Every structure is written in structure tokens, then in C-alpha cells.
Amino acid sequence: GNAMVRLNSISIDLRQRYEREAANQYAINQRLRITMDRYEQIKQLIAANEDVVNFAEFGNGVSQEWIDKAEAALGFPLPPSYKWWLRNYGGGDIGGDEITCIYEHGFDTPMGQDVVSRYRRCEDEGCLPLCDSDIDADFWFDLTADVPDHEYPVVSRALDGVYATDFLDFLKKRIEIMHET
């Protein structure tokens, strides 16, 4: 009697644990699928807007080795979507507004829009400069935001705070705004 009740209880507990794990795995897979769809959408948006987007050809980006070196020099991880862009496009500009990138030169000599150089010259703690626009504002990653996976929002003082939820959203908005100007 008692042994059967205990076995039933264990069986129910294992089934509930399995269902929770399955639900968690489903949620992870959904987030992955949404993320992959977003990368594909941005890739297509970039390809369709070569009149305002000046990036390297897809696949000709910065090496993972240099991304790792930059993160070590910065002392914190870069946002995953930004690293994806660096690995695949390397750098460039949207409508003439250059986005910070990695120059693959070493970080002792300050150089232009190199992300490590720009961070070291930044006077605001908690910000990572991203883009200085002649059209509307300066943008940076808000490193103080409590976000999963270091996918920091892009902010601007001139535009009163959060401009884009993450780097992919930033790219989309910048491409769209260049068509409006």
C-alpha cells in the first residue's frame, strides 16, 4: 500500500519535472528561432538597402580572435547581436554615420571609430559609444541596463533615453531613418 503510493508520488513528480524541462526547452528553442529570424531579417534589410548601407560583404567581418581581444581590453562582453555584426560585416556606416567597430590593430594607439579606443575616450561610465550621427544624435550601448545576455539597449541623450531595444533594432531604425532624410 504505502510503497505503491510512494511510487505513484515519485512517478507524478518525475512527470511534472519532465514537463517543466520540456516547456523550458520549448521556450529556449522559440527564443533561438526568433533570434535567428531577426538576424536573417537584418541581413536581408542590409542587402536591400545598399544605397544607404556601406558595410563589407556579408561574411567578411572581424575575426573571433579580435573580438575576444577587444572584450578582454574592455573588461566586459559585447552584446551578441553586435558581435554577430562585427563577425559578418566588420564595420561601416549607414548614411555616412560610422558605427564603432574593431580595427584589428592592437589597442594601445587610439584610432577613429575603434570600439576600444572610443570606450577609453568616453567620459561617461556605463556607456559604450556606438555611433555619432550628423543627422540627429549620438548613440551608445547602456552598459548599466540589467538585461539578459548583455544585449544592451542603445540610448541617446538627444532623443531622451532608449532609442533601440538592442543592436539589431538600432540597425533597422538607422536604415529606415536614412530613407526618410
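Buried means under 20% relative accessible area, exposed means over 50%, and partly exposed lies in between (1.4 Å probe, protein chains only). This is a predicted model: local features need pLDDT of at least 70, side-chain atom pairs count only at pLDDT 80 or more, and totals for chains, interfaces and linings use all residues. Residues are numbered from 1 along each chain as its sequence is written, and side-chain values use heavy atoms, with hydrogens and water left out. The structure holds seven salt bridges and 16 aromatic pairs.

**Salt bridges**

- A salt bridge here is a side-chain nitrogen of Lys or Arg within 4 Å of a carboxyl oxygen of Asp or Glu.
- Side chains of opposite charge can pair when their charged atoms come close.
- Helices (H or I, at least four residues) and strands (E, at least two) are DSSP runs, numbered from the N terminus.
- Arg-38 is partly exposed, at 28% relative accessible area. Asp-166 is buried, at 8%.
- Lys-173 bridges to Asp-169, with 3.8 Å from N to O. The two are four residues apart in helix H5, so about one helical turn separates them.
- Lys-173 is partly exposed, with a relative accessible area of 32%. Asp-169 counts as buried, at 15%.
- Lys-172 and Glu-176 also form a salt bridge, at 2.9 Å from N to O. Both lie in helix H5, four residues apart, about one turn of the helix.
- Lys-172 is partly exposed at 38% relative accessible area. Glu-176 is partly exposed too, at 36%.

**Strands S6 and S7**

- Strand S6 (residues 154–156) runs antiparallel to S7, and three bridges join them. Two strands pair if DSSP finds at least two bridges between them.
- Ser-156 has Gly-161 as its bridge partner in S7.
- S6 and S7 form a hairpin, with four residues between them. Asp-160 in the turn has a positive phi of about 60 degrees.

**Aromatic pairs**

- A pair of aromatic rings is described by the distance of the centres and the angle of the planes.
- Rings of Phe, Tyr and Trp (its six-membered ring) pair if their centres lie within 6.5 Å; planes under 30 degrees apart count as stacked, over 60 as edge-to-face and the rest as tilted.
- The 16 aromatic pairs come from a search of the whole structure. Among them, Phe-76 and Tyr-119 are edge-to-face, 5.2 Å centre to centre with 75 degrees between the planes.
- Phe-76 lies in the loop between helix H2 (64–74) and helix H3 (80–89), and Tyr-119 in helix H4 (residues 115–121), so the pair ties together parts that are 43 residues apart in sequence.
- Phe-76 is buried at 15% relative accessibility, while Tyr-119 is partly exposed at 26%.
- Tyr-82 and Trp-85 are stacked, 5.9 Å centre to centre with 20 degrees between the planes. Both lie in helix H3, three residues apart, about one turn of the helix.
- Ring pairs link Tyr-39, Phe-55, Phe-58, Tyr-82, Trp-84, Trp-85, Tyr-89, Phe-139, Phe-141, Tyr-163, Phe-167 and Phe-170 into a cluster.

**Charges over rings**

- A charge sits over a ring if NZ of Lys or CZ of Arg is within 6 Å of the ring centre and within 35 degrees of the ring normal.
- Lys-43 places its charged end over the ring of Phe-58, 4.1 Å from the centre.
- Lys-69 has its charged end over the ring of Trp-66, 4.1 Å from the centre.

**Asn-49**

- Asn-49 is in the loop between H1 and strand S1 (53–55). Asn-49 is buried, at 10% relative accessible area.
- A polar atom of the Asn-49 side chain lies 2.6 Å from the backbone oxygen of Leu-45.
- Beyond neighbours within four places in sequence, Asn-49 is in contact (heavy atoms within 4.5 Å) with Ile-175 and His-179.

**Trp-140**

- Trp-140 belongs to strand S5 (residues 138–142). Trp-140 is buried, at 15% relative accessibility.
- Trp-140 and Ser-156 are 16 residues apart in sequence and 6.7 Å apart in space, C-alpha to C-alpha.
- Leaving aside neighbours within four places in sequence, the contacts of Trp-140 include Cys-127, Pro-129, Val-154 and Ser-156.

Technical notes. Polar contact = N/O pair within 3.5 Å; in protein donor to acceptor, adjacent residues only side chain to side chain.
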